[in-house]
Amino acid sequence: SYVMQNPDENLLGVIAQSIQRGQRHTSVSLLVRFANDMIVIEHDANSHPLYESLVDAGIPRERIILAYAGETIPESKPTQE
């Protein structure tokens, strides 16, 4: 497995690659992005969900969006001038 991150550092993925019986296989086990001070989990195929580890580490559940489960990012509130 490989951890990959885009140059803007707002997208993180874990990619697994293997060769089984002579055939190449590639899969994404985790895809997370950061938006509007939120952690958006787009895909999580791990046996222990990432959001549980984040909550255990002290990240408020309200800051974690499970996009793969249909949760949406709340609209950011416009700033008042």
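These questions and answers concern charged side chains in a predicted model.

Reader: Where is Asp-44 found?
Author: The model is predicted, and its strands are numbered. Asp-44 is found in the strand that covers residues 38-44, which is β4.

Reader: Which side chain of opposite charge is nearest to Asp-44, and how far away is it?
Author: Asp-44 is buried and has no salt bridge. A salt bridge needs a side-chain nitrogen of Lys or Arg within 4 Å of a carboxyl oxygen. The nearest side chain of opposite charge lies 11 Å away, and it belongs to Arg-61.

Reader: Which backbone nitrogen does the side chain of Asp-44 reach?
Author: The side chain of Asp-44 makes a polar contact with the side chain of Asn-46 at 2.9 Å. The side chain of Asp-44 also reaches a backbone nitrogen at 2.7 Å, that of Leu-50.

Reader: Which side chain does Arg-61 meet in a salt bridge?
Author: Side chains of opposite charge can pair when their charged atoms come close. Arg-61 lies in the loop between α1 and β5, and its partner in the segment after β5, so the pair ties together parts that are 10 residues apart in sequence. The N to O distance is 2.8 Å, and the partner is Glu-71.

Reader: Is Asp-37, which meets Arg-63 in a salt bridge, buried or exposed?
Author: The side chains of Asp-37 and Arg-63 meet at 3.4 Å, N to O. Arg-63 counts as partly exposed at 28% relative accessibility. Exposed means over 50% relative accessible area. Asp-37 has 59%, so Asp-37 is exposed.

Reader: How many salt bridges does the structure hold?
Author: One of them joins Arg-33 and Glu-42 at 2.4 Å, N to O. The number of salt bridges in the structure is three.

Terms used
Residues are numbered from 1 along each chain as its sequence is written. This is a predicted model: local features need pLDDT of at least 70, side-chain atom pairs count only at pLDDT 80 or more; totals for chains, interfaces and linings use all residues. Side-chain values use heavy atoms; hydrogens and water are left out. Helices (H or I, at least four residues) and strands (E, at least two) are DSSP runs, numbered from the N terminus. Buried means under 20% relative accessible area, exposed over 50%, partly exposed in between (1.4 Å probe, protein chains only). Lys and Arg count as positive and Asp and Glu as negative; His and the chain ends are not counted. A polar contact is a pair of N or O atoms within 3.5 Å; within protein, one must be able to donate a hydrogen and the other to accept it, and residues adjacent in sequence count only if both atoms are side-chain atoms.
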